[in-house]
Amino acid sequence: MLITRRNGNLVLVDQNEHGRLAGDLTLRWGNADFEAPTRREQVSIGTARHDDGWREADAEPLFNAEAQRPLHFLEIPLEDHLPLYQRGVDRIYDEDAYAGLLVSMHWTGLYRNRWGMQDGGVGIKPTATPLDEIREKHVAEEERRWAETKKELTADGIRSDFEARLWYHYDLLQVWDLFSLYVSLADIAPADTPAVPLATTLKSIDQQPGPRTIQLAPTRVAGERADLVLTPVKPGVVTVDPFPFDAEITVSLAARSIADRAYTGQDDVNAALAAAEKVTLECRFTKA
């Protein structure tokens with residue numbers, strides 16, 4: 001569940017709705033400066049369902065007992081995160097091997113700073129906990145599954161071309177994920193402040209207006225990268241520079257709004273959500 005505090009309420013977006021928007025963006029990505037993805041149907045499936053494991057958790061939202069409200073997606077403990085993503089990856093692998101491969105890369109990339117697209121260290125640290133070791137075991141197991149899947153998918157092709165395009169699609173998935181998270185969480189209002197990396201702002205349910213940057217977006221397979229600057233110029237209207245879509249686009253997300261108060265537990269949250277106001281989050285992306 002993606003949560004923000006807005007005008008005295010908590011606004012909640014289901015992970016699957018966030019994924020749906022990310023998948024929609026795959027169909028609009030590409031112009032003279034940004035290469036459109038190949039395998040578009042499979043890439044779209046993997047992108048739209050990259051958080052599929054949250055389906056059950058969002059149906060009865062996880063509860064943050066300390067904050068006395070529903071759990072924001074970046075507050076989930078590792079011991080709950082691992083099985084949640086595992087079941088989602090397994091489901092998609094069963095439907096489409098390439099889409100499953102992308103989602104597995106996304107899942108393990110969350111423990112690897114998006115495989116280098118975000119700042120931070122990787123691997124087991126000297127003070128590793130048992131949970132860290134379990135995480136590393138899952139990453140290693142998924143990488144072994146990648147090897148088997150790639151062997152099947154490259155039986156009749158050039159492996160290096162396949163690998164380069166696969167990682168291009170993975171990197172694009174991270175960018176589409178961040179665009180959708182921006183619409184889900186950001187305060188899309190103009191503010192005279194410096195642009196900050198979007199990824200660093202996602203943990204807080206209290207969002208500040210102002211420009212955001214999606215870093216290291218790929219422009220083409222094995223090509224240059226660009227930092228995309230998202231600047232609100234009117235409420236709900238955002239310029240993107242450089243601009244990666246085929247034309248100006250308007251996107252929306254279905255959300256629910258409940259009172260920002262202390263909740264006594266899961267039943268209290270469920271009752272509030274049953275009576276929640278339905279709201280729509282909308283954003284127009286245009287050229288600078």
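What pLDDT does the protein average? The average is 94, and 97% of the residues score at least 70; pLDDT is the predictor's confidence in each residue, from 0 to 100. This is a predicted model, in which local features need pLDDT of at least 70, side-chain atom pairs count only at pLDDT 80 or more, and totals for chains, interfaces and linings use all residues. Residues are numbered from 1 along each chain as its sequence is written, and side-chain values use heavy atoms, with hydrogens and water left out.

Select residues 121-126, where the pLDDT is below 50. Beyond near neighbours in sequence, this stretch has nine contacts in the model (contact means heavy atoms within 4.5 Å). Where pLDDT is low, the predicted coordinates should not be read in detail.

Next, display the open sheet of eight strands, ordered E1-E2-E9-E10-E8-E7-E6-E5 with mixed pairing. Strands (E, at least two residues) and helices (H or I, at least four) are DSSP runs numbered from the N terminus, and two strands pair if DSSP finds at least two bridges between them. At the edges, strand E1 (2-6) and strand E5 (196-197) each pair on one side only.

Within the sheet, select E8 (residues 237-241) and E10 (residues 277-287), which pair in the parallel sense over four bridges. Valine 238 has phenylalanine 285 in E10 as its bridge partner.

Finally, move to aspartate 171 in helix H7 (residues 159-185). Aspartate 171 is buried, at 8% relative accessible area (buried means under 20%, exposed over 50%, partly exposed in between, with a 1.4 Å probe and protein chains only). Not counting residues up to four places away in sequence, aspartate 171 touches Met117, Pro218 and Arg225.
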